[in-house]
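Hello,

Here is the structure I promised to pass on to you. Have a look at it, and below it you will find my notes on what turned up.

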Amino acid sequence: MSTSTTAYLIRGAKPLGEEPSDILIQDGLIVALGADAIAHASAATATLIEAAGQIALPGMVDLHTHLREPGREDAETVETGTRAAAMGGFTAVHAMANSNPVADTAGVVEQVWSLGKRSGWVDVRPVGAVTVGLAGKQLSEIGAMADSRAGVRVFSDDGICVHDPLIMRRALEYVKAFDGVVAQHAQEPRLTEGAQMNEGEVSAVLGLAGWPAVAEESIIARDVLLAEHVGSRLHICHVSTAGSVEIIRWAKSRGVNVTAEVTPHHLLLTDELVKSYDPVFKVNPPLRAESDVLALRAGLADGTIDIIGTDHAPHPSEAKECEWAAAAMGMTGLETALSVVQHAMIETGLISWADFARITSTTPAAIGRVSDQGRALAVGEPANITLVDADARWIVDPFAMATKGRNSPFKGLELPGKVRTVFFHGHPTVLDGALNTPRITEGA
Amino acid sequence: MSNEPENARALAPVSARIVLSSDDIDRVITRIAHEIIEANKGTADLVLLGIPSRGFPLAQRLAQRIAATDPTLDPSAIIGQLDVTMYRDDLRHSTTRTPVPTRLPATGIDGKVVVLVDDVLYSGRTIRAALDAIADLGRPRIVRLAVLVDRGHRELPIRADHVGKNLPTATTEKVRVHLSEVDGENNNEVIIEATA
Amino acid sequence: MKHLLSTLDLSREDAIRILDIAEEMAAVGTREVKKLPALRGRTVVNLFFEDSTRTRISFEAAAKRLSADVINFSAKGSSVSKGESLKDTAQTLQAIGADAVVIRHGASGAPARLAATDWIDAPVVNAGDGTHEHPTQALLDAYTLRTHWAATHGNSALGSDLAGMRVAIVGDILHSRVARSNLWLLRTLGAEVIMVAPPTLLPHGSHAWPCTISYDLDATLAGGVDAVMMLRVQGERMHDSFFPNTREYSRLWGFDDARLAALDAQPGSETIIMHPGPMNRGLEISSAAADSPRSTVLAQVANGVAVRMAVLYLLLSGDQQRPAGL
């Protein structure tokens with residue numbers, strides 16, 4: 001590519017929703033801001049991106065994405081999943097380890113990593129399994145995965161809880177050698193046998209086996225104590241209950257090195273929706289009560305919960321076109337995350353766009369040790385930038401999405417905020433609200 | 001037929017006219033009662049089955065008139081109510097109908113002379129349903145039909161044996177029968193009204 | 001009423017209408033010709049994913065007494081056991097020309113799913129779904145209760161409800177679709193409900209139900225109830241630690257001979273003993289109780305046919321393109 005096409009001048013966007021400032025991008029980096037940008041732009045013959053009124057954010061980083069490849073290419077592929085990520089405003093995703101084969105060896109994580117490179121829509125950071133085959137019995141080759149080209153730093157058996165306390169202790173200790181973090185799917189298995197939905201007043205009426213809050217909270221309580229005991233980093237995936245927020249708040253006050261994520265759907269939806277028995281609302285952990293939703297929002301606003309993780313979980317239609325009990329758990333989320341968080345957190349006055357950047361970019365990149373993501377919008381930094389028209393409103397149509405999954409629980413909902421443009425290391429992967437071209441790199 | 005709402009009178013258009021007054025109805029009932037006795041050569045084996053909702057009070061009135069000629073006869077012992085809802089041929093095409101009880105006299109209907117009693121004879125479909133219903137309940141020796149009004153426009157080969165009044169009508173007209181037992185005190189007349 | 005999926009969303013008016021029509025249907029059962037032509041030419045499919053001979057033959061008898069054609073589709077040994085989805089099964093029934101589908105399914109909400117999707121247009125009758133609801137069972141129970149209540153008061157049952165009645169539902173509430181359906185329907189009809197069970201067999205969240213919850217059967221019976229409904233308890237539940245063993249369960253929550261004697265000793269007690277069947281004699285109910293004059297077990301079976309006739313008649317008659325009068 002010639003230098004003339006790698007320069008872009010973003011006009012009029014408001015970094016983190018603050019005062020408008022032009023941004024000049026060249027060769028993958030932010031090279032000038034404000035008045036300097038225009039001055040340098042003429043020399044660089046930059047392509048103009050008119051973004052007056054739009055909000056400039058650091059490219060979003062998802063710590064929790066299911067790309068399904070290898071193994072379930074009928075549900076999603078790295079290509080389709082990363083297209084969806086780009087459309088959602090992301091520049092990096094962490095691909096969960098529950099593929100088939102499981103990402104528990106250097107070979108599998110390098111395969112996923114190179115598929116990501118080849119696709120070129122976002123950085124794909126594979127997550128390594130904590131235990132071989134997610135079976136919870138024996139540690140997987142954590143060191144080999146960390147040292148592989150994929151440079152894995154996040155380890156998780158997501159979908160399954162590392163429930164054996166001794167295995168969890170060992171994993172927490174072992175990842176310290178590689179600056180890793182264990183991302184725990186907190187679900188006590190015996191308390192959730194056959195569980196179909198949140199255990200509470202709605203499940204009592206619907207006659208669906210309950211998934212009690214205590215099954216999540218008891219594991220989190222155990223694990224924060226373990227993390228404190230062994231002095232390790234712990235990350236809690238998709239926190240879903242008010243009690244979990246309280247336990248994490250308590251752990252943080254003790255100085256435990258714990259971080260926590262919440263999904264967009266747990267910030268907006270409740271188990272009342274299950275009354276329809278429509279499996280599009282079936283997810284793990286399940287949709288909870290209104291009081292939980294409000295506690296999660298408060299925890300996210302006060303920093304108890306650190307980040308948004310989408311838990312994007314695409315499924316083929318037949319996995320949802322059936323009775324509730326037979327349906328797969330999971331919802332798509334990459335292309336609605338920004339809008340749902342804007343709706344649930346920003347438009348309710350709970351957080352600012354600067355906070356949004358922290359919870360969707362800066363902190364997730366820090367937890368995942370993604371050094372060139374989640375950076376400030378400053379001169380010399382990698383140009384990973386998402387431009388958002390926050391005033392736009394749109395109606396969610398799962399069939400118009402880039403993901404293969406049609407299982408969006410937000411179908412038909414009107415939401416605010418449209419991603420207009422995404423720069424991924426200086427390359428526009430999304431332009432005018434539509435997919436542009438992937439970023440081609442050498443050796444991919 | 002006269003399946004009109006309860007407040008039909010309040011809504012009756014100006015063009016409504018009374019074709020049978022309360023006194024007319026009384027006279028007609030008396031005449032039909034005598035016709036029945038005559039046709040039956042007495043009151044032996046007689047059973048009067050009224051078709052709800054207004055056929056039943058008519059059957060009661062007829063039974064009383066008949067009993068007046070025969071002091072040994074208990075009028076309540078020869079009348080019954082025959083619900084034909086489940087035998088209708090239009091169940092799928094109108095709003096759902098709620099069945100009402102069928103009550104037969106203690107003697108049953110086997111070998112009896114059953115006189116079906118209804119208020120208005122129109123298409124004949126109700127009577128067809130009634131004949132089928134009777135067949136499921138027993139085997140009468142004879143089935144006859146008595147109606148207060150025959151307004152014509154038959155759609156089946158059915159005719160009445162005893163008619164209170166033959167009333168030529170247009171299909172656009174409605175015939176409403178009001179009987180005090182169903183429609184309240186001082187409400188005894190047959191009205192014909194044009195509809196828009 | 002397009003479907004009958006639950007009693008939770010059944011209005012008082014609808015419920016009483018079903019019970020009233022069932023009175024007329026019951027009369028047909030006493031005639032020599034136990035058949036009405038109302039559903040002639042209509043096809044009712046009994047789609048049973050779970051074995052339940054009792055419920056299936058009750059629906060079959062109901063449909064046949066209304067002259068409908070009946071197709072029994074049992075999941076066992078059919079394409080369903082080879083992995084065919086509910087959607088494909090439903091679409092097959094649609095293609096066959098089913099006019100109504102009576103579905104029994106192990107998954108809560110499966111009938112609601114059939115009704116909500118465009119897989120099939122026909123009215124859906126829930127014949128028991130998982131641990132959710134069993135609305136026709138509740139309707140036949142309400143019918144049985146109403147008959148008893150009207151008789152005790154010397155009234156006509158027609159048009160009446162269950163206002164003033166106290167009904168105890170005893171046993172495995174947690175896993176019981178019968179308990180849930182009865183709770184909503186009995187409350188709608190004005191009865192008071194007392195749920196009696198070991199705490200392990202009450203669902204978390206049942207504290208919000210419109211009923212009294214008790215762990216003490218003797219105290220409940222001593223407090224005076226007009227009916228006691230015993231639920232079937234699976235002895236295997238003891239392996240999941242819901243109770244220590246069947247002996248202890250039976251002693252604390254079974255309707256045994258001692259409790260029958262205590263009831264008989266209450267002056268003027270007309271309390272009836274109900275059971276949806278099939279019974280575990282000696283576990284949740286003693287033989288003496290099941291066979292006592294208080295028992296309505298067989299009346300419930302007979303009433304089941306009448307109630308199901310009423311439901312099928314209501315769903316299959318009337319112009320389904322127009323909002324029905326129901």
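A word on naming before anything else: helices (H or I, at least four residues) and strands (E, at least two) are DSSP runs, numbered from the N terminus. Please also keep in mind that this is a predicted model.

For "active site", UniProt lists A:Asp311, in an unreviewed entry. A:Asp311 sits in the loop between β16 (307-308) and α10 (337-346) of chain A. Is A:Asp311 buried or exposed? A residue is buried if 20 or more other C-beta atoms lie within 10 Å of its own, and A:Asp311 has 30 such neighbours, so it counts as buried. Leaving aside residues up to four places away in sequence, A:Asp311 touches A:His64, A:His238, A:Thr263 and A:Gly333.

Helix α9(A) has another partner to show you. Helix α8 (residues 242-253) of chain A packs against helix α9 (residues 290-301) of chain A at an angle of about 30°, and their axes are 8 Å apart. Angles under 35 degrees count as roughly parallel, and α8(A) and α9(A) are therefore roughly parallel to each other. On the α8(A) side the contact is made by A:Ala242, A:Val245 and A:Arg249, while α9(A) brings A:Ser291, A:Asp292, A:Ala295, A:Leu296 and A:Gly299. By class, the residues of this contact are four nonpolar, two polar and two charged.

With 13 C-beta neighbours inside 10 Å, A:Gly303 counts as partly exposed. If you want a sense of distance, the C-alpha atoms of A:Gly303 and A:Leu139 are separated by 32 Å, and these two residues are 164 apart along the chain.

Now for the domains of chain A. This chain is divided into domain 1 (3-56 + 379-435) and domain 2 (58-367), with C-alpha centres that lie 27 Å apart. In the contact, 29 residues of domain 1 of chain A meet 40 residues of domain 2 of chain A. On the domain 1 side, β17, β18 and β19 (427-431) of chain A each supply at least two residues, and β18(A) gives the most, with six residues. That side of domain 1 of chain A has 17 nonpolar, nine polar and three charged residues.

Chain C also has two domains: domain 1 (12-133 + 302-316) and domain 2 (135-301). Taken over C-alpha atoms, the centres of these domains of chain C are separated by 26 Å. Their contact takes 23 residues from domain 1 of chain C and 26 residues from domain 2 of chain C. At least two residues of the domain 1 side come from each of α1, β4 (124-129) and α11 (297-316) of chain C, and the largest share, eight residues, comes from α1(C). The residues of that side of domain 1 of chain C divide into nine nonpolar, seven polar and seven charged.

Finally, how do the chains meet? Of the two pairs of chains in contact, which share the most contacts? Chains A and C do, with 22 residues of chain C in contact with 20 residues of chain A. On the chain C side, α3 (86-96), α4 (110-116) and α6 (177-188) each supply at least two residues, and α4(C) gives the most, with four residues. This side of chain C has eight nonpolar, ten polar and four charged residues.

Chain C touches chain B too, with 17 residues of chain C in contact with 15 residues of chain B. Here the largest share of the chain C side, four residues, comes from helix α1 (residues 12-28) of chain C. The chain C side facing chain B divides into nine nonpolar, three polar and five charged residues. No contact joins chain A and chain B, and their closest C-alpha atoms lie 28 Å apart.

How values were computed: Residues are numbered from 1 along each chain as its sequence is written. Chains are lettered from A and ligands numbered from 1 in the order in which they are written. This is a predicted model: local features need pLDDT of at least 70, side-chain atom pairs count only at pLDDT 80 or more; totals for chains, interfaces and linings use all residues. Two residues are in contact if their C-beta atoms, placed from the backbone, lie within 7 Å. Axes are lines fitted to C-alpha atoms, for helices over the stretch in contact, and angles run from 0 to 180 degrees between N-to-C directions. Angles under 35 degrees count as roughly parallel, over 145 as roughly antiparallel, 65 to 115 as roughly perpendicular and the rest as oblique. Ala, Val, Leu, Ile, Met, Phe, Trp, Tyr, Cys and Pro count as nonpolar, Asp, Glu, Lys and Arg as charged, and the others, Gly among them, as polar. UniProt positions are given in the numbering used here, feature names are shortened, and annotations may be inferred rather than shown by experiment. A residue is buried if 20 or more other C-beta atoms lie within 10 Å of its own, exposed if 12 or fewer, and partly exposed in between; C-beta atoms are placed from the backbone. Domain bounds come from an automatic or database domain assignment.
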